[in-house]
Amino acid sequence: MDDSKKSPYGSVFQKLANTIHKQGTMIPEVNVYLHLLVLIHLLDNGKNAEALACADTLMGKVISNTRRTMDPLAARVYFLYARAYEVNGRLSSLRRFLLCRLRTSTLRQDEEGQATLINALLRSYIQDNLYDQAEKLVGKLSYPESVHNNHLARFQYYLGRIKATKLDYSEAHQHLLQASRKVPTHGAIGFKQTVQKWLVTVELLLGDIPERSMFLEKEYRKCLVPYYQVTLGKLCLPFSSLSLLAVF
């Protein structure tokens, strides 16, 4: 189907896609930014194969340019590059490349790039249940604390997942609590719900009863119904059965 018929913005993005090929008419940052918009458009419209090809071309432009003014854009490119591979079921194939880019970002003291790449690597490891490797990665690096809260929220969430899987529920609870506090006030509903599910599970595994008010909040009312039912019957469940919640 023609994008111009599917969306009023389709023709605009088609013009951007055509403009990108005119390499000599714009500075590299503008070129990458326009290419980034096209990649976002492809991902939002479910054109995964096209998005993958677009992401590969875009990453080539970022790698070939060493200007420091490219760093903020590069961080965004890393995120969407990993996303393009993830929706195509190939995120695990990127680990070696992501590690190489992380080394480069560390040497360049590009904190936004470091944060994005670390989160992408942890997501890759966790998706494949490689928690030992994820834990080793965290132990070998220092996460930049001056980055945006969105990065920190993801990092704390991944740490909570790792610690929960390692049965260190006290540490997991602290990390998940930090993640819930750093999420943006508006938006990111799916991420908020996922964090709360893990937070409730860990609190139950610690022997605590989650606050009832949390289950009544509009954002969590539906998604936390099964967890609320478990909370109500918590004292009737053996601990061995309750521990199985950590895998969800």
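A helix here is a DSSP run of H or I covering at least four residues, and helices are numbered from the N terminus. By that count, N129 sits in the loop between helix 7 and helix 8. The model is a predicted one.

Start with the whole chain. It holds 14 helices and 0 strands. Read from the N terminus, the order of elements is α-α-α-α-α-α-α-α-α-α-α-α-α-α. The chain has 248 residues, and 45% of them count as buried. Take the contacts between residues at least 6 apart in sequence: 60% of these join residues at least 24 apart. The accessible surface of the chain is about 13600 Å². Carbon and sulfur atoms account for 54% of that surface.

Most residues other than glycine have a negative phi. N129 has a relative accessible area of 55%. The cut-off for exposed is over 50%, so N129 is exposed.

Which residues does L130 touch, leaving aside its neighbours within four places in sequence? They are R95 and Y125. I162 lies 32 residues away from L130 along the chain. The C-alpha atoms of L130 and I162 are separated by 9.5 Å.

Step back into helix 7, where Q127 lies. Q127 is partly exposed, at a relative accessible area of 39%. Apart from neighbours within four places in sequence, Q127 is in contact with E86 and L91. S92 is 35 residues from Q127 along the chain. Their C-alpha atoms are 8.6 Å apart.

Is Q109 buried or exposed? With 65% relative accessibility, it counts as exposed.

Two packed helices are described by the angle between their axes and the distance between the axes.

Take helix 9 (residues 149-165) and helix 10 (residues 169-182). Their axes come within 7 Å and cross at roughly 160°. Angles over 145 degrees count as roughly antiparallel, and helix 9 and helix 10 are therefore roughly antiparallel to each other. The crossing is left-handed. On the helix 9 side, the contact is made by N149, L152, A153, Q156, Y157, L159, G160, K163 and A164. Helix 10 supplies Y169, E171, A172, H175, L176, Q178, A179 and K182. How do the residues of this contact of helix 9 with helix 10 divide? There are 9 nonpolar, 5 polar and 3 charged.

Helix 10 also packs on helix 11 (residues 189-205). The angle is about 150°, and the axes are 9 Å apart. That makes helix 10 roughly antiparallel to helix 11. Their crossing is left-handed. Helix 10 contributes Y169, A172, H173, L176, L177, A179 and S180 to the contact. From helix 11 come V195, Q196, W198, L199, V202, E203 and L205. The residues of this contact of helix 10 with helix 11 comprise 10 nonpolar, 3 polar and 1 charged.

The remaining pair here is helix 9 with helix 11. The axes of helix 9 and helix 11 come within 11 Å and cross at roughly 30°. The cut-off for roughly parallel is under 35 degrees, so helix 9 and helix 11 are roughly parallel to each other. Helix 9 passes helix 11 in a left-handed crossing. A153, R154, Y157, R161 and A164 of helix 9 make this contact with F191, T194, V195, W198 and V202 of helix 11. By type, the residues of the contact of helix 9 with helix 11 are 7 nonpolar, 1 polar and 2 charged.

Helix 10 is roughly antiparallel to helix 9. Helix 10 is also roughly antiparallel to helix 11. Helix 9 and helix 11 run roughly parallel.

Conventions. Residues numbered from 1 in each chain as written. Predicted model: local features only at pLDDT ≥ 70, side-chain atom pairs only at ≥ 80, totals over all residues. Heavy atoms only, no water. Helix = DSSP H or I, 4+ residues; strand = E, 2+ residues; numbered from the N terminus. Buried < 20%, exposed > 50% of the residue type's maximum accessible area, 1.4 Å probe, protein only. Contact = heavy atoms within 4.5 Å. Areas by Shrake-Rupley, 256 points an atom, 1.4 Å probe, with all protein chains shown as cover. Axes fitted to C-alpha atoms, helices over the stretch in contact; angles between N-to-C directions. Parallel < 35°, antiparallel > 145°, perpendicular 65-115°, else oblique. Left-handed = near helix turned anticlockwise from the far one by under 90°. Nonpolar A, V, L, I, M, F, W, Y, C, P; charged D, E, K, R; others polar.
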